[in-house]
Amino acid sequence: MTTKQYNEAVELWADGLFRFAAKSCKDRNLAKDIVQDAFAKLWTKKENVDDQKVKSYLFTSVNRLTIDYWRKQRRMTDMDQIEASPIINQREYSNLREILDVALNKLPEMQRVVIILRDYESFSYSEIGEITGLSEAQVKIKIYRGRKALKVQLEKMNIVA
């Protein structure tokens, strides 16, 4: 590719590449940077790019640069969330009792009762059976199912992963 062909490619495809990049990243300044990077990449590889495939090369470059931008943003967002998570966890921990109460209230009554008796009041299975009129096996089953349902409720509230 000659300098003249490169300049023609800039004139022919710069506007279309900009529109494509702007729609992909929804940021005009970033779109300008991406298009500029694509043309810079073309310039450095001008000897290896076929004259007939310049348009597809440029659009592919813009697409990949946009994808790279979004990946980078996602990683940066994840890092921001990781750095912020201790504060969030402290806040969640202080409200843990309230969150558990809300989730417990959504359980069927017998599951709620046996979980409260076992996990909050530390009764044995036989004592819970005496209190509720259930056998030990039934108490164990209700506690298991109640804890499982409680976990589902907490997952819905984005408390447990």
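Because the model is predicted, local features need pLDDT of at least 70 and side-chain atom pairs count only at pLDDT 80 or more, while totals for chains, interfaces and linings use all residues. Residues are numbered from 1 along each chain as its sequence is written, and side-chain values use heavy atoms, with hydrogens and water left out.

Start with the overall layout. The protein chain has seven helices and zero strands (DSSP runs, H or I of at least four residues for helices and E of at least two for strands, numbered from the N terminus). Of its 161 residues, 26% are buried, meaning under 20% relative accessible area with a 1.4 Å probe, protein chains only. The accessible surface is about 11400 Å², and carbon and sulfur atoms hold 51% of that (Shrake-Rupley, 1.4 Å probe). Take the contacts (heavy atoms within 4.5 Å) between residues at least 6 apart in sequence: 52% of them join residues at least 24 apart.

Now zoom in on H6, residues 125-132, where Ile128, Gly129 and Thr132 are buried. Down the helix axis, the buried residues of H6 fall within an arc of 105°, so they line one face; the arc is taken from the directions from the axis to the C-beta atoms. Their cover includes helix H5 (109-120) and helix H7 (136-156).

Finally, look at Thr66 in helix H3, residues 54-94. Thr66 counts as buried because its relative accessibility is 4%. Leaving out residues up to four places away in sequence, Thr66 touches Ser24, Cys25 and Ile34.

Methods
Buried < 20%, exposed > 50% of the residue type's maximum accessible area, 1.4 Å probe, protein only.
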